[in-house]
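Hi there,

Here is the structure I promised to pass along.

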Amino acid sequence: MSSSSSNEETCIVCAKATAGNSGTAYLYHEGRRFALCCPMCVEMFQRAPTRFAGGERRETLVEQLLAEMKWKTPGQW
Ligand SMILES: [Zn+2]
């Protein structure tokens, strides 16, 4: 019997543990709750909630979304 992992959650985007993280946000998608550790991850999740919820490989998804965000962010010229 394990008693330690009852409340362990990880960020759906970056897989960081969200327990004790004050910046953690929770979003609901199709009746399921997803934990996001920071505004960056929230934004990422909101770009493709169905894909994250659908269990696509996290690393691939994040890479694609990051590439899109770089493309659209007019930060560096
Ligand atoms: Zn995160």
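**P39 and its surroundings**

P39 has its place in helix α1. Please keep in mind that this is a predicted model. Is P39 buried or exposed? It counts as exposed, because P39 has 10 C-beta neighbours inside 10 Å, and a residue with 12 or fewer is classed that way. In space, P39 lies 8.0 Å from A25, C-alpha to C-alpha, although 14 residues separate P39 and A25 in sequence.

**The hairpin**

Strand β1 covers residues 25-29 and strand β2 covers residues 32-36; the two run antiparallel and are joined by five bridges. Two residues sit between the strands of this hairpin, and E30 takes a positive phi there, near 50°.

**The nonpolar core**

Which residues make up the largest nonpolar core? There are eleven in all: C11, I12, V13, A35, L36, C37, C41, V42, M44, F45 and F52. Both β2 and α1 (39-47) supply at least two residues of this core, and α1 gives the most, with four. As general background, nonpolar side chains tend to be buried together in soluble globular proteins.

Setting aside neighbours within four places in sequence, F45 is in contact with I12, V13, L27, F34, L36 and F52.

Best wishes

Terms used. Residues numbered from 1 in each chain as written. Predicted model: local features only at pLDDT ≥ 70, side-chain atom pairs only at ≥ 80, totals over all residues. Pairing = 2+ DSSP bridges. Core = buried A, V, L, I, M, F, W, Y, C linked by C-beta atoms within 7 Å. Buried ≥ 20, exposed ≤ 12 C-beta atoms within 10 Å, placed from the backbone. Contact = placed C-beta atoms within 7 Å.
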